[in-house]
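Thanks for making the time this morning. I would like to walk through one structure with you, going from its overall division down to individual pairs of residues.

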Amino acid sequence: MSFSFSQENSIKIASLLNRYPHKKALILPLLWFAQKQESYISEDAIGHISEFLDVPYMHIYSVVTFYTMFRLTKPQKRVIEVCATLSCELNGSEDIKAYLDENYSKDFEVIEVECMGACSGAPMCAIDGKYHENLTTKTIDEVLK
Ligand code: FES
C-alpha cells in the first residue's frame, strides 16, 4: 500500500509551499491533509510526508505521536473528539463525554482530546473534524441527529 495526496490536497499543498521559507513548516498542515484524506495517518503517509519535506521519518512520527488529535490507526466508527482541557472541563465537558459514552458509543468512537483552540466556545467537540461549540446534552443530540 502506498500513500499519495489527492489532487485536491496537492493543489492546496502547492499553494502553501509559497507561503513558508522552509518546507519543514508544512509538517502539521500535511499531517492534517493526510488524516482528513484517510481518516488516520498511516505509516505510508508518514513516509510520503518525510520524503516530500526532506525531514527524517522519525521526526514526522514524533510529531504525530505528540499531538492527541492525530490517529495512527483507522477508526472503526465515526469519531467524536471531546475537548477535556481546562475551559471545556470547567464548562461541563465531563458531563458531555459521559452522555456521549452512554448514548452514542455504539455508533461513534468517543475520545477525549486536549485543547482544540476553540476555548471561547467551551465546551466543544469535533465530529469528523467539524467543530461544535457551547454544547449541552440537548444540543449534542440535535447535532448528532
Ligand atoms: S479548552 Fe477546550 S477548546 Fe480549548
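The protein chain is divided into domain 1, 7–66, and domain 2, 78–144, with the bounds coming from an automatic or database domain assignment. The centres of domain 1 and domain 2, taken over C-alpha atoms, are 27 Å apart. Please keep in mind that this is a predicted model, in which local features need pLDDT of at least 70 and side-chain atom pairs count only at pLDDT 80 or more, while totals for chains, interfaces and linings use all residues. Residues are numbered from 1 along each chain as its sequence is written.

Let me take the helices first, where helices (H or I, at least four residues) and strands (E, at least two) are DSSP runs, numbered from the N terminus. Helix H1, residues 7–17, packs against H2 at an angle of about 170°, and their axes are 11 Å apart; axes here are lines fitted to C-alpha atoms, for helices over the stretch in contact, and angles run from 0 to 180 degrees between N-to-C directions. H1 is therefore roughly antiparallel to H2, on a scale where angles under 35 degrees count as roughly parallel, over 145 as roughly antiparallel, 65 to 115 as roughly perpendicular and the rest as oblique. On the H1 side the contact involves Asn 9, Lys 12, Ile 13 and Leu 16, which meet Pro 29, Leu 30, Phe 33 and Gln 37 in H2, contact being counted if the C-beta atoms, placed from the backbone, lie within 7 Å. These residues divide into five nonpolar, two polar and one charged, where Ala, Val, Leu, Ile, Met, Phe, Trp, Tyr, Cys and Pro count as nonpolar, Asp, Glu, Lys and Arg as charged, and the others, Gly among them, as polar.

What does H2 meet in H3? Ile 27, Leu 30, Leu 31, Ala 34 and Glu 38 of H2 meet Ala 45, Ile 49 and Leu 53 of H3, and this contact has seven nonpolar residues, no polar one and one charged. The axes of H2 (residues 27–38) and H3 (residues 43–53) come within 11 Å and cross at roughly 145°.

Turning to another pair, helix H6 (residues 93–104) and helix H7 (residues 137–144) have axes that come within 10 Å and cross at roughly 45°, which means that H6 is oblique to H7. In this contact, Asp 95, Ile 96, Tyr 99, Leu 100 and Tyr 104 from H6 meet Thr 137, Ile 140 and Leu 144 from H7, a set that divides into six nonpolar, one polar and one charged.

Finally, the sheet: four strands form an open sheet of mixed pairing in the order E2-E1-E3-E4, where two strands pair if DSSP finds at least two bridges between them. Its edge strands, each pairing on one side only, are E2 (108–113) and E4 (130–132), and neighbouring strands are turned by 25° against each other on average, direction ignored. E1, residues 78–83, pairs with E2 in the parallel sense over six bridges, whereas E1 and E3, residues 125–127, run antiparallel and are joined by three bridges. Glu 81 stands opposite Ile 111 in E2, and the bridge partner of Glu 81 in E3 is Ala 126.

Technical notes:
Contact = placed C-beta atoms within 7 Å.
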